[in-house]
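Subject: Structure handover, aromatic contacts

Hello,

The structure we discussed is below, for you to take over. My notes on the aromatic side chains follow it.

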Amino acid sequence: MTNNDWFGKIDELSYEDCLRLVRFAPTGHIYFQNGVVADYFNAHLNEKRAELTSEEVTAISKKIGWH
């Protein structure tokens, strides 16, 4: 897959989806290993978080938990 393919997949993720990956993705996940893709993922995560209230962010975090 190209970086643009990964970017397209990342664009489809909600904040909750992103947070789940941050907490539970296996070691070596492409979103966190490839520098360009990781930067894009982090920018997307921050953009999605900015669209939410602090209460919504907290509720999503509690919903996901840490297992």
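F32 is partly exposed, at a relative accessible area of 31%; note that this is a predicted model. F41 has a relative accessibility of 0%, so F41 counts as buried. Both residues come up again below.

Searching the whole structure for aromatic pairs gave 4 of them. In one, the ring centres of F7 and Y40 are 4.2 Å apart and the planes meet at 20°. That angle is under the 30 degrees used as the limit for stacking, so F7 and Y40 count as a stacked pair.

Which parts of the chain does the pair of F7 and Y40 tie together? F7 belongs to helix 1 (residues 3-11) and Y40 to helix 4 (residues 35-50), so the contact joins parts 33 residues apart in sequence. Are the two residues buried or exposed? F7 has 15% relative accessibility and therefore counts as buried, the limit being under 20%. Y40, with a relative accessible area of 28%, is partly exposed.

F32 and F41 make another aromatic pair, with 5.1 Å from centre to centre and 80° between the planes. This pair is edge-to-face, as the angle is over 60 degrees.

Regards

Definitions and conventions
Residues are numbered from 1 along each chain as its sequence is written. This is a predicted model: local features need pLDDT of at least 70, side-chain atom pairs count only at pLDDT 80 or more; totals for chains, interfaces and linings use all residues. Side-chain values use heavy atoms; hydrogens and water are left out. Rings of Phe, Tyr and Trp (its six-membered ring) pair if their centres lie within 6.5 Å; planes under 30 degrees apart count as stacked, over 60 as edge-to-face and the rest as tilted. Helices (H or I, at least four residues) and strands (E, at least two) are DSSP runs, numbered from the N terminus. Buried means under 20% relative accessible area, exposed over 50%, partly exposed in between (1.4 Å probe, protein chains only).
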